[in-house]
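Here is a guided walk through one protein structure, taken a piece at a time. Have the sequence and the 3D view ready as you read.

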Amino acid sequence: MNIIQNLQQLALEIITTAKEKGYTLSIAESCTGGLISHLLTNIDGSSSVVKVGVVSYSKQSKIELLNIPEEIFSSNRVVSEQVVKSMAIGVKNILNTDFAVATTGVAGEVCDEEGTSPGTVWISCASKNSITAKQFAFTGDRKTIKNLTAYQLFTVLLQQINTGI
């Protein structure tokens, strides 16, 4: 099975399990540019689970759409644990969903304006009672990094959904 087939299978498991348990999900994406939302909403019945998806590619969109306080950016890089957790909390609060996920990172092949290395990615998963974040250092082109990020995020999210809120 290749990465795309793995992603499709994980997306199916996430939607099926969340639907069975009555859970809802919000998504905030930066470096994945809508890939997470795309994969999940390709599944029939996903509208009962996925309630909102935001692609907040710029710092300004993170501030304005996800209500991340500007101060967070003065002491943290955009690609950081604090920012990705704030993204997950911000998107979760839009519709008060059971779970929220977020991604931020550098999917390209050059450092970002803050000097963050290519392939550096943070993912986060928030529920009513917890929030986790994980950092990864991927290699490959933009598409590979986006797919690997989605795979890692889906793995964490499915585990959280199976464990419960």
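**A walk through the model**

Serine 37 lies in helix 2, which covers residues 35–41. Helices here are DSSP runs of H or I with at least four residues, strands are runs of E with at least two, and both are numbered from the N terminus. What you see is a predicted model, in which local features need pLDDT of at least 70 and side-chain atom pairs count only at pLDDT 80 or more, while totals for chains, interfaces and linings use all residues. Residues are numbered from 1 along each chain as its sequence is written, and side-chain values use heavy atoms, with hydrogens and water left out.

Let us stay with serine 37 for a moment. At 16% relative accessibility, serine 37 counts as buried. The word has a set meaning: buried is under 20% relative accessible area, exposed is over 50%, and partly exposed is in between, using a 1.4 Å probe and protein chains only. Leaving aside residues up to four places away in sequence, serine 37 touches Ile27, Glu29 and Gly53. A contact of this kind means heavy atoms within 4.5 Å.

Now move along to helix 5, which spans residues 81–95 and contains valine 83. Which residues of helix 5 are buried? They are Val83, Val84, Ser86, Met87, Ala88, Gly90, Val91 and Lys92. Valine 83 has a relative accessible area of 0%, so it is buried. Apart from residues up to four places away in sequence, valine 83 touches Lys62, Ile68, Ile72, Phe73, Asn76, Arg77 and Val78.

Is lysine 92 buried or exposed? Its relative accessibility is 8%, so lysine 92 counts as buried. With residues up to four places away in sequence set aside, lysine 92 touches Ser26, Thr97, Asp98, Ala100, Ala126, Ser127 and Lys128. From lysine 92 to serine 46 there are 46 residues in sequence and 17 Å in space, C-alpha to C-alpha.

Helix 5 is followed by asparagine 96, whose phi is positive, near 50°. Most residues other than glycine have a negative phi. Asparagine 96 is found in the loop between helix 5 and strand 3, and at 52% relative accessibility asparagine 96 counts as exposed. Another positive phi in a residue other than glycine belongs to asparagine 67, with a value near 60°. Asparagine 67 lies in the loop between helix 3 (59–66) and helix 4 (70–75), and with a relative accessible area of 61% asparagine 67 is exposed.

Aromatic rings come next. The structure holds two aromatic pairs. Rings of Phe, Tyr and Trp (its six-membered ring) pair if their centres lie within 6.5 Å; planes under 30 degrees apart count as stacked, over 60 as edge-to-face and the rest as tilted. The rings of tyrosine 23 and phenylalanine 99 have centres 5.1 Å apart and planes at 70°, so this pair is edge-to-face. The pair links distant parts of the chain, 76 residues apart: tyrosine 23 is in the loop between helix 1 (3–21) and strand 1 (25–29), and phenylalanine 99 is in strand 3 (residues 99–105). Tyrosine 23 is buried, at 14% relative accessible area, and phenylalanine 99 is buried too, at 1%. The rings of phenylalanine 136 and phenylalanine 138 have centres 5.2 Å apart and planes at 5°, so that pair is stacked. Phenylalanine 136 is buried with a relative accessible area of 17%, and phenylalanine 138 counts as buried at 11%.

What about the cysteines? A disulfide is a covalent bond between the sulfur atoms of two cysteines; here, a pair of cysteine sulfur atoms must lie within 2.5 Å to count as one. The structure holds zero disulfides. Cysteine 125 is in no disulfide, and the nearest cysteine sulfur, that of cysteine 31, is 16 Å away. Cysteine 31 is buried, with a relative accessible area of 4%, and cysteine 125 counts as buried at 2%.
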